[in-house]
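Please keep the sequence and the structure in view while reading.

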Amino acid sequence: MELIAISSFLTGNYFVINMNCFFMFAVGALWAVSRYRNISGYDLGKGILVWCESVLGCLPGLADFFEDTSAYAKTHNRAKRGKSTTVIVGVLIAVPLTALVLYLLAEADAVFMSGLASIIPKLDITNIVEIIIYALAIFFFSYCAVRYQMHDRVEKQGRNPGFSRVTAVIIMMPLAIIYAVFGIVQIIYLFAGAGSLPEGYTYSSYAREGFFQLLFLCILNLILVRIVEKCFEKSGLTDILSLVICACTILIDVSSVFRMIMYIQSYRLTQQRILTLFVDAGVLLLVAGVIIKQLKQDFRLGRYSFTCLMVVWLAFAFAKPDFIIASYNLSNQAISVGQRDDDYVASLSSDAYAVVRNHKHQISTDDMKAYQESLSNERKMRAKDFRCFNLSVYMAR
């Protein structure tokens with residue numbers, strides 16, 4: 001979590017920052033679950049299901065808070081309460097309630113707001129209310145999450161082979177044959193470039209056409225192999241077919257990477273295209289883990305998968321994609337379309353400032369002005385609160 005926070009401090013890319021917030025929440029929630037469950041033996045699918053169950057389980061857990069509060073009040077009657085308890089309870093209720101009332105009145109009446117601002121000129125009431133609301137939300141979510149985990153539950157352990165191995169073979173055999181043929185086609189036409197493409201196709205259009213379909217197939221194959229492992233009877237033939245499908249999945253994943261690289265060479269680089277390459281790298285690591293799991297049953301695939309996903313994301317976050325985009329595109333402006341295309345510059349974050357500044361003679365005046373205005377607005381916004389300080393935005397001056 002510390003590395004995720006550091007990457008947010010070092011980048012001005014809001015997509016990375018927002019995704020970092022999600023990953024911090026996900027990691028924190030998973031850590032909380034691990035305090036009450038032994039999740040070391042979970043695979044990736046089971047871990048995701050338990051995480052979703054725990055997050056959604058917080059909603060009915062809110063009722064437990066009021067039941068627990070009522071039970072506590074009944075077991076600690078007024079005669080046993082000390083003065084300190086009553087004072088603390090009064091303060092905890094009065095502070096957020098007073099702040100909320102002041103905020104609503106200030107928003108409703110400009111005169112009252114100006115008078116309040118003259119009394120406490122350096123106090124940002126809106127900010128205080130937001131902090132209180134966030135603090136209460138975090139408190140209730142944490143309480144409900146812990147309370148939900150304390151409920152007794154029975155979990156099934158190990159495999160549940162409810163289907164015949166014959167069914168698994170019937171499902172996997174044609175897929176393995178099709179993937180093997182497809183792999184041969186990829187080696188001849190895409191990797192070696194030895195075959196002739198259909199009329200009207202260039203290698204860049206051929207590469208672009210099937211990228212997302214192949215990426216989807218890679219993920220589908222991972223799910224299929226894990227379902228067969230969990231739900232079907234084991235046999236030597238199913239293990240061999242699973243390994244064949246995994247090997248073909250690696251070839252498909254490499255094919256999708258090769259296609260995207262060819263497409264990038266013909267067209268400009270974007271954040272989505274960089275992200276897809278990192279996703280491909282993550283899928284490749286996951287397939288490798290599934291192969292190891294097939295060969296070594298005590299391999300902890302869930303822990304390995306989670307580690308791979310976090311490593312891939314952190315690599316993407318610390319790579320500063322906007323910097324890579326600006327460096328590549330501005331150094332290869334004469335690609336494909338044969339004309340200048342600088343409109344993407346204004347959408348880049350402060351991470352790309354050094355590159356944009358060094359290549360400003362290649363960028364149109366309007367696009368350069370829009371980019372500088374965007375950075376100026378970003379600096380003004382972050383200057384209002386020291387908690388918003390960002391090293392990338394600060395250095396882009």
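In which helix is the place of L105? L105 sits in helix α5. The model is a predicted one, and its secondary structure comprises 17 helices and zero strands. Of the 397 residues in the protein, 35% are buried.

**Overall architecture**

- Among contacts in the protein with a separation of 6 or more, 73% join residues 24 or more positions apart.
- The protein has an accessible surface of about 23500 Å², and carbon and sulfur atoms account for 68% of that surface.

**Nonpolar surface patch**

- L92, I93, L97, V101, L105 and F112 make a nonpolar surface patch of about 560 Å².
- Helix α5, spanning residues 83-108, provides the largest share of the patch, namely five residues.
- L105 has a relative accessible area of 42% and is therefore partly exposed, the range for this class lying between the 20% and 50% cut-offs.

**Nonpolar cores**

- The largest nonpolar core contains 29 residues, and A326, L348, V356 and Y371 are those with the most contacts inside it.
- At least two residues of this core are supplied by each of α2 (14-34), α11 (236-266), α13 (301-319), α14 (321-331), α15 (353-358) and α16.
- Helix α13 contributes the largest share of this core, with five residues.
- Beyond its neighbours within four places in sequence, A326 is in contact with S331, L348, A352, V355 and V356.

**The loop residue F163**

- F163 is located in the loop between α7 (125-149) and α8 (165-191).
- The relative accessibility of F163 is 49%, so this residue counts as partly exposed.
- When neighbours within four places in sequence are set aside, the contacts of F163 are with C231, F232 and E233.
- F163 and E233 are separated by 70 residues in sequence, yet their C-alpha atoms are 6.3 Å apart in space.

**The loop residue T11**

- T11 occupies the loop between α1 (2-10) and α2.
- With a relative accessible area of 1%, T11 falls under the 20% cut-off and is therefore buried.
- The T11 side chain reaches the backbone nitrogen of N13 at 3.1 Å.
- A polar contact at 2.5 Å links the side chain of T11 to the side chain of D351.
- Apart from neighbours within four places in sequence, T11 is in contact with V16, I17, D351, N390 and S392.

**Salt bridge**

- Side chains of opposite charge can pair when their charged atoms come close.
- The count for this model comes to one salt bridge.
- E378 forms a salt bridge with R382, and their closest N and O atoms are 2.8 Å apart.
- Why are E378 and R382 separated by about one helical turn? They are four residues apart in helix α16, which spans residues 365-383, and so about one helical turn lies between them.
- Are E378 and R382 buried or exposed? E378 is buried because its relative accessible area is 14%, and R382 is buried because its relative accessible area is 13%; both values are under the 20% cut-off.

Conventions:
Residues are numbered from 1 along each chain as its sequence is written. This is a predicted model: local features need pLDDT of at least 70, side-chain atom pairs count only at pLDDT 80 or more; totals for chains, interfaces and linings use all residues. Side-chain values use heavy atoms; hydrogens and water are left out. Patches are made of residues with over 30% relative accessible area and no salt bridge: like charges are joined within 9 Å, nonpolar side chains (Val, Leu, Ile, Met, Phe, Trp, Tyr) within 5 Å. Accessible areas come from the Shrake-Rupley method with a 1.4 Å probe; for residues, only the protein chains shown count as cover. A salt bridge is a side-chain nitrogen of Lys or Arg within 4 Å of a carboxyl oxygen of Asp or Glu. Buried means under 20% relative accessible area, exposed over 50%, partly exposed in between (1.4 Å probe, protein chains only). Contact means heavy atoms within 4.5 Å. A nonpolar core is a set of buried Ala, Val, Leu, Ile, Met, Phe, Trp, Tyr and Cys residues joined through side-chain atoms within 4.5 Å. A polar contact is a pair of N or O atoms within 3.5 Å; within protein, one must be able to donate a hydrogen and the other to accept it, and residues adjacent in sequence count only if both atoms are side-chain atoms.
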